[in-house]
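Here's a quick briefing for anyone meeting this structure for the first time. Have a look at the model, then read on.

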Amino acid sequence: MKDLEKFKEIDFNKPSFLFKLSDSLVYLFGGAGFYNKYIESIPLTGSESILDFGSGGGNAAKILITRIPDGHLTCLEPSTCWIKRLKKRLGTFENVTFINDYIENTDIPDNSFDVILIHHVLHDIHPDNRVGVLINLSKVLKPDGRIYIREPMKKSHGMTYEEIRQLFKDVDRNEHEFSIKTNKEYSGIYS
Ligand SMILES: C[S@@+](CC[C@H](N)C(=O)[O-])C[C@H]1O[C@@H](n2cnc3c(N)ncnc32)[C@H](O)[C@@H]1O
């Protein structure tokens, strides 16, 4: 109950002016060191099928797509505001699909993706819904696929690494690598 009381719901359909401005600035500076270093560290051959879960304005997606010229990127983003930005920024690529919905409402076939990226999304999902989301993501991941997750660990708006690990344990996923940065970021790789 304590965790639920602490959960801060954000209306991503109506992001604040400052949120949109910071998204635009990060995009202008090509990831501003925050996105590019992390996304470029993901090992890829260039032909993967990738799901960017909760793409937002596409700051991660824009870097990802340049790394998979022979692959395919699916951007799932429930907010109509952010999907507009995503389409504007990535719409010229042929190997991208946009889904403006929640994963539970989609008909993505099982075993579709080699890689699923969850970049600063899980902490924004209500705690009651997180396991359900991971169950749905597990279904669309190929048996030898990997989930890359990066989440803030701020007390005011984030998750502890114990919570993240427990959620993946609950859906029978194994942590292969992880890192906890001094700037309070957790990143992990699960299969
Ligand atoms: C902090 S933003 C991160 C966006 C992007 N991944 C990035 O790192 O720039 C969180 C995103 O998660 C999306 N989101 C929230 N709940 C979601 C859900 N249940 N399923 C998928 N995406 C969700 C929001 O609409 C928002 O775009």
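Helix axes here are lines fitted to C-alpha atoms over the stretch in contact, and angles between N-to-C directions run from 0 to 180 degrees. Helices (H or I, at least four residues) and strands (E, at least two) are DSSP runs, numbered from the N terminus. What you're looking at is a predicted model, in which local features need pLDDT of at least 70, side-chain atom pairs count only at pLDDT 80 or more, and totals for chains, interfaces and linings use all residues. Residues are numbered from 1 along each chain as its sequence is written.

**Helices α6 and α7**

- Helix α6 takes in residues 130–140 and helix α7 residues 161–170; their axes come within 9 Å and cross at roughly 50°.
- That angle makes α6 oblique to α7, given that angles under 35 degrees count as roughly parallel, over 145 as roughly antiparallel, 65 to 115 as roughly perpendicular and the rest as oblique.
- The α6 and α7 crossing is right-handed; a crossing gets that label if the near helix is turned clockwise from the far one by less than a right angle, and is left-handed if anticlockwise.
- On the α6 side, R130, V131 and L134 meet L167, F168 and D170 of α7. Two residues are in contact if their C-beta atoms, placed from the backbone, lie within 7 Å.
- Sorted by class, the α6 contact with α7 has four nonpolar, no polar and two charged residues. Here Ala, Val, Leu, Ile, Met, Phe, Trp, Tyr, Cys and Pro count as nonpolar, Asp, Glu, Lys and Arg as charged, and the others, Gly among them, as polar.

- Helix α4 (residues 59–66) is largely enclosed by the rest of the structure, because six of its eight residues are buried. Buried means that 20 or more other C-beta atoms lie within 10 Å of a residue's own; exposed means 12 or fewer, and partly exposed is in between, with C-beta atoms placed from the backbone.
- The buried residues of α4 are N59, A60, A61, K62, L64 and I65.
- α4 has helix α5 (residues 80–90) as a partner: the two axes come within 10 Å and cross at roughly 30°.
- α4 and α5 are therefore roughly parallel to each other, and α4 passes α5 in a right-handed crossing.
- A61, K62 and I65 of α4 meet L86, R89 and L90 of α5. That contact of α4 with α5 divides into four nonpolar, no polar and two charged residues.

- In soluble globular proteins, nonpolar side chains tend to be buried together.
- In this model, the largest nonpolar core has 37 residues, and L64, I116, L117 and L137 have the most contacts inside it. A nonpolar core is a set of buried Ala, Val, Leu, Ile, Met, Phe, Trp, Tyr and Cys residues joined through C-beta atoms within 7 Å.
- Strand β4 (residues 113–119) gives the most to this core, with five residues.
- Setting aside neighbours within four places in sequence, I116 is in contact with L51, F53, L137, L141, G145 and I147.
- D114 also belongs to strand β4, and D114 is buried, with 20 other C-beta atoms within 10 Å.
- Beyond four places in sequence, D114 is in contact with E48, S49, I50, K142 and G145. D114 and I147 sit 33 residues apart in sequence and 8.6 Å apart in space, C-alpha to C-alpha.
- From H119 to N100, 19 residues apart along the chain, the C-alpha separation is 17 Å.

**Residues to look up**

- K139 is in helix α6 and counts as partly exposed, with 14 C-beta neighbours inside 10 Å. The C-alpha atoms of K139 and P109, 30 residues apart along the chain, are separated by 8.4 Å.
- N111 has a positive phi of about 55° although it is not a glycine. N111 lies in the loop between β3 (96–99) and β4, and N111 is partly exposed, with 13 other C-beta atoms within 10 Å.
- D172, a residue other than glycine, has a positive phi near 60°. You'll find D172 in the loop between α7 and β6 (175–181), where D172 is exposed, with 9 other C-beta atoms within 10 Å.
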